[in-house]
Amino acid sequence: MTGEKEHAYRVALVAFPGIRAFDVSVITEVWGTDRTDRGAPSFDLRRAAPDTTPVPMRGGLTLLPDRTLDWLPRADLVVIPGLDDHLTSAPIPVLDALRRAHTRGTTIAALCGGAFTLAQAGLLDGRRAITHWNLIDLLRAHHPQVTVVPDALFIEDDNIWTAAGTAAGIDLCLHLVRQTHGAEAAATIARSMVTAPFRTGTQVQFIERPTPRADRDSDALAAVREHALRHLHEPLTVADLAARAGMSARSFARHFTAETGTTPLRWLLDQRIAAAQKLLERTDLPMPEVARRAGFGSEVTMRQHFATRLATSPRAYRAAFSTTPLPTAPVSTGTGSEVAGSSPIAR
């Protein structure tokens, strides 16, 4: 078909009246911008709708589809934006096309209130899903067959992905790039978007609550996280980090979880896994050295965590995602900043 890129990863943005302009922009920014000159993968993003007439969006914006829903069988990934009115009924052809895509085994992802569209199609019945924290009760009330998980940024069940509110759509899109093309590809796109390659925790941290009594604690925790990212290669413990924050270990863990939505140990493990992924992609360092620089201590420990968190081994990950090896010498063993998996202040 004319205008399509050969050997590119094909993404279908499903469009119909009522979709959110923000989510359309996120999808377009992640998969619709050519960053191959920076080593990013080649993507072919298409805007698919029941027909090619302009799709109205809020604020006087319109989206011009360039494909009909007949293009969906060509897609490797189908993405549904969120909705301005979360109870908007999607056109029957859209619901039918989504059902057929799932039957074919195509990966499907919905951002924010896009979960309601998947629920209308019956694709979330008996499956786990997430949406914006302020819409959880609405999703449960209108689609009681859906198992709504309240405390995730994004979640997958049977190759169907859903994301929490607004910015969590960015998290999910980058995660889908990371899952398919590797951590470095996701990091390249994230750097271009000036956002973190991934955020840890859950959307619990964003639910409206009274302002914390002491902003000093938040500042201290941000400094501790930055310190940890620069010293991943060291055997950091929660007690070490708590002492640096000037708190007891128990108080530190409580404040850390309240601010980030995850425990200090889980956050630290996320950062070490991301550091190891980057080293495996960028260098030809032997496995024991990758494990040491990422802070795992031993290859065995690193392999166990990769199996648990990524369902793969470090060697298999390198085989799948390794880029042209870079010289190993410049990879720092001092600050750790070159291999950190997130921005210095990871939220």
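Which residues have the most contacts inside the largest nonpolar core? In this predicted model, local features require pLDDT of at least 70 and side-chain atom pairs count only at pLDDT 80 or more, while totals for chains, interfaces and linings use all residues. Residues are numbered from 1 along each chain as its sequence is written, and side-chain values use heavy atoms, with hydrogens and water left out.

The chain contains 13 helices and eleven strands; these are DSSP runs numbered from the N terminus, helices being H or I with at least four residues and strands E with at least two. Of its 347 residues, 52% are buried (under 20% relative accessible area, with exposed meaning over 50% and partly exposed in between; 1.4 Å probe, protein chains only). Contact is defined as heavy atoms within 4.5 Å. Among contacts between residues at least 6 apart in sequence, 68% join residues at least 24 apart.

The largest nonpolar core has 66 residues, and Val14, Trp31, Val78 and Leu118 are those with the most contacts inside it. Such a core is a set of buried Ala, Val, Leu, Ile, Met, Phe, Trp, Tyr and Cys residues joined through side-chain atoms within 4.5 Å. Helix 5 (residues 168-181) gives the most to this core, with six residues. A second, separate core has 33 residues, including Leu221, Val224, Phe256 and Met287. In soluble globular proteins, nonpolar side chains tend to be buried together. When neighbours within four places in sequence are left aside, the contacts of valine 14 include Ile19, Ala48, Leu69, Val78 and Leu98.

Helix 5 also meets helix 6 (residues 183-193): their axes come within 6 Å and cross at roughly 145°. Axes are lines fitted to C-alpha atoms, for helices over the stretch in contact, and angles run from 0 to 180 degrees between N-to-C directions. Among the residues making this contact are Ile170 and Leu174 of helix 5 and Ala186 and Ile189 of helix 6.

Two loop residues were also examined. Threonine 131, in the loop between strand 8 (128-129) and helix 4 (136-142), is buried, with a relative accessible area of 0%. Its side chain reaches the backbone oxygen of cysteine 112 at 3.1 Å. Histidine 86 is found in the loop between strand 6 (77-80) and helix 2 (92-104). A polar atom of the histidine 86 side chain lies 3.3 Å from the backbone oxygen of leucine 83. Not counting residues up to four places away in sequence, histidine 86 touches Gly113, Phe116, Leu135 and Leu138.

Methods:
Polar contact = N/O pair within 3.5 Å; in protein donor to acceptor, adjacent residues only side chain to side chain.
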